[in-house]
Amino acid sequence: MTTTPTATPKTNANCDIVVPANPLSARGLATPYQLTGTDGMTPAESGCEMSNGVKLGAFVQATILDPATGALSVYDPLVVTQGTKPAVVPSVPKIPADAVVTIDFGFNGKQLFQVGATPTTLADANCVNGQAGSIFGQAAFCNGINFFNAVKNDEREGLLKVPSPGTSDKIIPSGGDMGTGQVCPVMRNFEVASLDEGDNVTTEYVLNPITGQTAQSNVSNAGIAGVRLLVNRSDSTLLDLFLDPLLGCTSFQAPELSNNHVPSGSGALDEILAGAYQPKIAALVPESDKVVMNGDEFDAAKTGLYREELGQAPISNQTNKTSDPEMYCQNLVDIQTPFLAANRTLLATGLSPVMAVDDNLLTFMANELNRSFTSLACQHFRLTNPVTLIRNGAGVVVAATFNASMQTASGM
């Protein structure tokens, strides 16, 4: 007789997140989300505790539009371990009565399942984490489609004026006619694209390791004695906090309502900027990204849903010219590789988002390019991996070499 292995805190990679009632409202934003185990497991049984945040931490971020004025703001709702109370109770933000809110989720484990606090919570707030039997994985959303439609409407009416990403003379132009020269990169630039667009958020929390309680990471809570910072690294984190400052560029920011209105970025703001100033060769989520595949099969409907939640254009003959699986791989190789090679000296002076894996920003991005090439199965299009990684005895990537020769993909 065979038995199904029981998940333990050491082996479990999946968790539930309980979405509070009315999550798009001001009070809903301030009501903590609850992290717990799947299939009835408790947080302790599953390891789904914020004190285990490095492995299984969940993170939530809201971006808010005032449709009457085009004003944007950000709020980071708190996630607590189910059965615990916040270390500091979140304050209720002041938002317009007709505000349009999008909520993005990130997860440090494998699969995060949304569970509504009431039977209608998820449907009422247009929450999605994929399709029945095939979820996105680390990413989930609430109300993204309505939010980006409202953003586009305010842009058309001139209420929302998105600032230009600008240019920087620190950037060494690369990629010839395919590259974007010295224009500061946005989320849809192949110079910075990876396989994880829209996967995870820029939210951070503070954790009291003694009590296991969490609080929002803000100026008011920074002085809590003994707290540790919990982070959920994303492509937006890489672009906003690591790459832009090094390149002499500025990310799109809005007041952070959970942090005394300090200007802050978000994944949704990055997508708004990328949509307003989309590169001529745009990187949109490809069908070969595992978060939008259905098992081992491409899934156009799932890809379309994921793109919609990010305000991206659906699959079409036009978008396939740059972002079908074959062209995505070719553009990743032919645009990002020359960018990293040309700017390697500057990038090597930047900090790595994960120092335990890569020792500087260049090696981090080289590792991401290598990982993207492999995960997207770019070799099936008769392309050659353009990056070679060099690791030290501890396995940390300490150097990289690039083959910036142009390649042409061919069908599988």
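Helices, here runs of at least four residues, and strands, runs of at least two, are DSSP runs numbered from the N terminus. With that naming in hand, let's look at some close-ups of this predicted model.

**Figure 1. Thr-319, a residue of helix H9.** Thr-319 lies in helix H9, which covers residues 317-323. Is Thr-319 buried or exposed? The cut-off for buried is under 20% relative accessible area. Thr-319 has 9% relative accessibility, so it counts as buried. Which residues does Thr-319 touch, once its neighbours within four places in sequence are set aside? They are Leu-284, Arg-307, Ala-313, Pro-314 and Asp-324.

**Figure 2. A sheet of four strands.** This open sheet has the strand order E5-E2-E1-E7, and its pairing is mixed. Strand E5 (79-81) and strand E7 (111-116) stand at the edges. Each of these two has a single partner strand, so one side of each is left without a neighbour in the sheet. From one strand to the next, the twist averages 30°. Take a moment to follow strand E1 (residues 14-19) beside E7: the two pair in the parallel sense over six bridges.

**Figure 3. A sheet of three strands.** Here the order is E13-E12-E14, in an open sheet with antiparallel pairing. Strand E13 (213-216) and strand E14 (228-231) are the edge strands, and each of them pairs on one side only. Neighbouring strands of this sheet are turned against each other by 35° on average, direction ignored. How many bridges join strand E12 (residues 204-208) to E14? There are four, and these two strands run antiparallel. Tyr-205 has Leu-230 in E14 as its bridge partner.

**Figure 4. Helix H6 and its surroundings.** Helix H6 spans residues 235-247, and eleven of its 13 residues are buried, so this helix is largely enclosed by the rest of the structure. Among the buried residues of H6 are Asp-235, Ser-236, Thr-237, Phe-242 and Leu-247. What do the buried residues of H6 pack against? Their partners are helix H7 (267-276), helix H10 (325-342), helix H11 (344-347) and helix H12 (361-375). Just after H6 comes Gly-248, which takes a positive phi of about 80°.

**Figure 5. Where helix H6 meets helix H12.** To describe two packed helices, we use the angle between their axes and the distance between the axes. The axes of H6 and H12 come within 12 Å, crossing at roughly 130°. That angle makes H6 oblique to H12. The crossing of H6 past H12 is left-handed. On the H6 side, look for Leu-238, Phe-242, Leu-243 and Leu-246, which meet Leu-361, Phe-364 and Met-365 in H12. Sorted by class, the residues of this contact of H6 with H12 are seven nonpolar, no polar and no charged.

**Figure 6. Where helix H10 meets helix H12.** The axes of H10 and H12 come within 11 Å and cross at roughly 165°. That makes H10 roughly antiparallel to H12. Their crossing is left-handed. H10 contributes Leu-332, Val-333, Gln-336, Thr-337, Phe-339 and Leu-340 to the contact, while H12 contributes Leu-362, Met-365, Ala-366, Leu-369, Ser-372 and Phe-373. The classes in the contact of H10 with H12 are nine nonpolar, three polar and no charged residues.

**Figure 7. A closer look at Leu-340.** Leu-340 is found in helix H10. Its relative accessible area is 0%, so Leu-340 is buried. Leaving aside neighbours within four places in sequence, Leu-340 is in contact with Leu-347, Leu-362, Met-365, Ala-366, Leu-369 and Phe-402. How far apart are the C-alpha atoms of Leu-340 and Val-387? Their separation is 9.9 Å, although the two residues are 47 residues apart along the chain.

**Figure 8. The hairpin of strands E17 and E18.** Strand E17 (residues 387-391) and strand E18 (residues 397-402) run antiparallel and are joined by five bridges. Find Arg-391 and you will see Val-397 of E18 standing opposite. The hairpin has five residues between the strands, and in this hairpin Gly-395 takes a positive phi near 90°.

Key. Residues numbered from 1 in each chain as written. Predicted model: local features only at pLDDT ≥ 70, side-chain atom pairs only at ≥ 80, totals over all residues. Heavy atoms only, no water. Pairing = 2+ DSSP bridges. Axes fitted to C-alpha atoms, helices over the stretch in contact; angles between N-to-C directions. Buried < 20%, exposed > 50% of the residue type's maximum accessible area, 1.4 Å probe, protein only. Contact = heavy atoms within 4.5 Å. Parallel < 35°, antiparallel > 145°, perpendicular 65-115°, else oblique. Left-handed = near helix turned anticlockwise from the far one by under 90°. Nonpolar A, V, L, I, M, F, W, Y, C, P; charged D, E, K, R; others polar.
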